[in-house]
Structures are given as structure tokens and as C-alpha cells.
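Hi,

Here is the structure I said I would pass on. Have a look at it first, and then read my notes below.

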Amino acid sequence: GNMHVKLMGSAVYGKTKDTGAIYNMIKYARPGLLPAHYDLIDELVSSTWVYNDYQDLGKLLKHIMHHSQEQSEMHKNALQNSAYFTPAAVYSRFRN
């Protein structure tokens, strides 16, 4: 997630410096677990769990561990969402 840490005085990790979470979600077709304030792209909403604070994160992790069907659904969504970003899919959208 995005922890608001200042880097070199001007960059703020998670605001002006990306965490790489989105890249990894797309590249490896995996669901995400991100803070609610994360600026998430629409194409990944269906494969992302969000939390508001650390207490909420703990509850969400417990929920995820006990709901294997939801995990499977999120993995399926992540695979579909990742396909949106293949070179062929991106090229096709630029052509149209």
C-alpha cells in the first residue's frame, strides 16, 4: 500500500512516488490489497480489496482468510483485468 513517506524532501511515497503495486497486480494477474485513499484505476477495482486503516486491514485479512470462494473470484477478476493490459489489447484500443 501507500505509506506517506517523504523521499529526498520532495517526493511522497504513495502520492508522487508510485509503490509499484498496480504494475505487479497487472503483470502477475493478482488481486490487490490497498488503502482506500489509493488512486486506483477503474480497470482494477473488481480485483482489489481496500481498507481504511490498520484496524480495518486486520479485519479484512481475517475475512479474506475465511472466504476462499471470494479469493477465487478475486483471482478470476484479476486474470480478466490483467488481460486488458496485454500489448495486443492496448494496441487494439489505440487503433480504434
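What follows is a walk through what turned up, from the overall layout down to single residues.

One thing before anything else: this is a predicted model, so please read everything below as computed from that model.

**Overall layout**

The protein has 4 helices and 4 strands. Starting at the N terminus, the order of the elements is β-β-α-β-β-α-α-α. There are 96 residues, and 28% of them count as buried. The exposed surface comes to about 6900 Å², with carbon and sulfur atoms supplying 57% of that area. As for how the chain folds back on itself, take the contacts with a separation of 6 or more: 37% of them are between residues 24 or more positions apart.

The largest nonpolar core is made of 8 residues: Ala-21, Ile-22, Met-25, Ile-26, Leu-34, Tyr-38, Leu-40 and Leu-44. Helix H1, which covers residues 21-27, gives the largest share of this core, with 4 residues. There is also a second, separate core of 6 residues, and among them are Trp-49, Leu-57, Leu-60 and Ile-64.

You will find Ile-64 in helix H2, residues 54-65. Its relative accessible area is 12%, so Ile-64 counts as buried, the cut-off being under 20%. Leaving out neighbours within four places in sequence, Ile-64 is in contact with Leu-33, Trp-49 and Gln-71. Trp-49 is 15 residues away from Ile-64 along the chain, and their C-alpha atoms are 9.1 Å apart.

**Two residues around strand E4**

Ser-47 sits in the loop that runs between strand E3 (32-35) and strand E4 (48-51). Is this serine buried or exposed? Ser-47 is buried, because its relative accessibility is 0%. If you want to see what surrounds Ser-47, and you skip residues up to four places away in sequence, the residues it touches are Met-25, Pro-31, Gly-32, Met-74, Asn-77, Ala-78 and Asn-81. Of these, Met-25 also belongs to the largest nonpolar core.

Val-50 lies in strand E4 itself. With a relative accessible area of 44%, Val-50 is partly exposed. Again not counting residues up to four places away in sequence, Val-50 touches Leu-34, Ala-36, Asp-56 and Leu-60. Two of those names came up above: Leu-34 is in the largest core, and Leu-60 is in the second one. The C-alpha atoms of Val-50 and Leu-40 are separated by 9.9 Å, with the two residues 10 apart along the chain.

How many salt bridges does the structure hold? The count is 1. Side chains of opposite charge can pair when their charged atoms come close. Here the side chains involved are Glu-73 and Lys-76, at 3.3 Å from N to O.

Tyr-84 is partly exposed at 32% relative accessibility, and Phe-85 is partly exposed with a relative accessible area of 25%.

Last, please look at Ala-29, in the loop between H1 and E3. Most residues other than glycine have a negative phi. Ala-29 is not a glycine, and yet its phi is positive, at about 50°. Ala-29 also counts as buried, with 12% relative accessibility.

Cheers

Note on methods. Residues numbered from 1 in each chain as written. Predicted model: local features only at pLDDT ≥ 70, side-chain atom pairs only at ≥ 80, totals over all residues. Heavy atoms only, no water. Core = buried A, V, L, I, M, F, W, Y, C linked by side-chain atoms within 4.5 Å. Buried < 20%, exposed > 50% of the residue type's maximum accessible area, 1.4 Å probe, protein only. Contact = heavy atoms within 4.5 Å. Areas by Shrake-Rupley, 256 points an atom, 1.4 Å probe, with all protein chains shown as cover. Salt bridge = Lys/Arg side-chain N within 4 Å of Asp/Glu carboxyl O.
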